[in-house]
Amino acid sequence: MTIHQNLIAGEWVGADGVKNINPSNTNDVIGEYARASVEDTKAAIAAAKAAFPAWSRSGILERHAILRKTADEILARKDELGRLLSREEGKTLAEGIGETVRAGQIFDFFAGETLRLAGETLPSVRPNIGVEITREAVGVVGIITPWNFPIAIPAWKIAPALCYGNTVVFKPAELVPGCSWAIVDILHRAGLPKGVLNLVMGKGSVVGQTMLDSPDVNAITFTGSTGTGKRVAVASVEHNRKYQLEMGGKNPFVVLDDADLNVAVEAAVNSAFFSTGQRCTASSRVIVTEGIHDRFVAAVGERLKSIVVDDALKAGTHIGPVVDESQLKQDTDYIEIGQKEGAKLAFGGELLKCETPGFYLSPALFTEATNDMRISREEIFGPVAAVIRVKDYEEALAVANDTPFGLSSGIATTSLKHATHFKRNAEAGMVMVNLPTAGVDFHVPFGGRKGSSFGSREQGKYANEFYTTVKTAYTLA
Ligand code: ADP
């Protein structure tokens, strides 16, 4: 089997590979992917540092052409790359292709942004002096990504980093190197000068930690667990570098008595269970007012009967497997914890045997949960959700906000008054009205508050906050 190598200073390098396994069928080996060492990572950082002066001053048309070419190739290969994504991560083929299209759109968006790099000019408060405010690239950006969006998250970090003239050391998650390798290969062939983008696949404790410890990494953008996010923060403070964190969520979805029942059920089932519940914007707390509670729970139960959990690549599958064995264990541990805490496992939560050996779990819905239970407070990151019964809107809002996290928050209601109040008062970076908590556009800001996120927003033009630094220049006329 040929090894997919790391890209360091424009060369493909690395001899030892580890196997990338399909969670829908553990007999299926997708490929072998190189593992970078501490020395490889240091070489990648040095290459990015050396490439920075020229790339940060490169013409905007050069950057535009490379990002545009990348977008075109990703979109042209959406079926193939979407299939690779579903094969390595386990989300359904429709979700895999959808995510791939989104990655292409992100590269297209940032290709456009290269042509819109604007500054400001103002008169100084002193006569005959002009003031110019411009944005400059930050330097070497370290990109560390998780396994749950194998192509979209790398795209929404790599595209703006390159657009604004930074060079990159990119470390994808161990479980899903395939899509990352594919987009680096596309960018490399699209004509990136050597050293501008370096790929270092491998372990977090080796590759990631070497990036955190390097004084030559000027900024780190990270998406992953709260624990690792804290490490990124501490190391970045030590090196006085810029950093941006997207971590956990425990997103609430509120259902009020006046909700359209079908809208509420579809949005809740999508939020909690699609993409196997493995989205940081997934909702695992469904907060339901008394008047609709029993009807809502019964309707969700009915809806779950029609959900097919099976091989991600099979037509007709709605929910694929959990990503790996340890994540599956975490999910089933929480199902046990929920029952011990006194919540009622109303539906699902069973290990399933499908045609191929994989990590299959039926969507689990708890009822009679309270907001102080561990299943309501800790991120599970699987197809496990809990319904919390509340008296009225005021209590629903209070429970929705009573969490250490603050990424996304949803509500199902036909009341303009409650929808408006919720949009203003939900303590989250993103609010959804009559829509699932997950499923966001690529051209507008993404991010949260409280324990979910730190730093400026990702995506859309707001991304320039992180990937550039502001310069103010004064000139005597
Ligand atoms: P998850 O539980 O979702 O895998 P992690 O935070 O462990 O979340 O992983 C997210 C990313 O962070 C992965 O690319 C992983 O390899 C990386 N990572 C893990 N440990 C470290 C570390 N000590 N330093 C830097 N990166 C790390």
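This is a predicted model: local features need pLDDT of at least 70, side-chain atom pairs count only at pLDDT 80 or more; totals for chains, interfaces and linings use all residues.
A pocket here is an open set of grid points where a 1.4 Å probe fits, with protein on both sides within 12 Å along at least five of seven lines.

**Stop one: the second largest pocket**

The space they point to is the second largest pocket, with a volume of about 490 Å³.

Strand S7 has the largest share, with four residues. Colouring the lining by class shows eight charged, seven nonpolar and six polar residues.

**Stop two: the largest pocket**

Now select Pro146, Trp147, Gly224, Ser225 and Thr228. Among the 32 residues that line the largest pocket, these lie nearest its centre. The volume of the largest pocket is about 750 Å³.

Then show the elements around it. Helix H7 (204-213), strand S11 (219-223), helix H8 (226-238) and helix H11 (325-341) each contribute at least two residues to the lining of the largest pocket. Helix H7 provides five, the largest share.

Colour by domain next: domain 1 (3-247 + 442-476) and domain 2 (251-433) each supply at least three residues to the lining of the largest pocket.

Last, colour the lining of the largest pocket by class. It has 14 polar, twelve nonpolar and six charged residues.

Methods: Residues are numbered from 1 along each chain as its sequence is written. Side-chain values use heavy atoms; hydrogens and water are left out. On a 1 Å grid over the protein atoms alone, a cavity is a set of points where a 1.4 Å probe fits but cannot get out, and a pocket is an open set with protein on both sides within 12 Å along at least five of seven lines; lining residues have an atom within 4 Å of a point. Grid points are joined across faces, edges and corners, and a volume is the space filled by probe spheres set on the points. Ala, Val, Leu, Ile, Met, Phe, Trp, Tyr, Cys and Pro count as nonpolar, Asp, Glu, Lys and Arg as charged, and the others, Gly among them, as polar. Domain bounds come from an automatic or database domain assignment.
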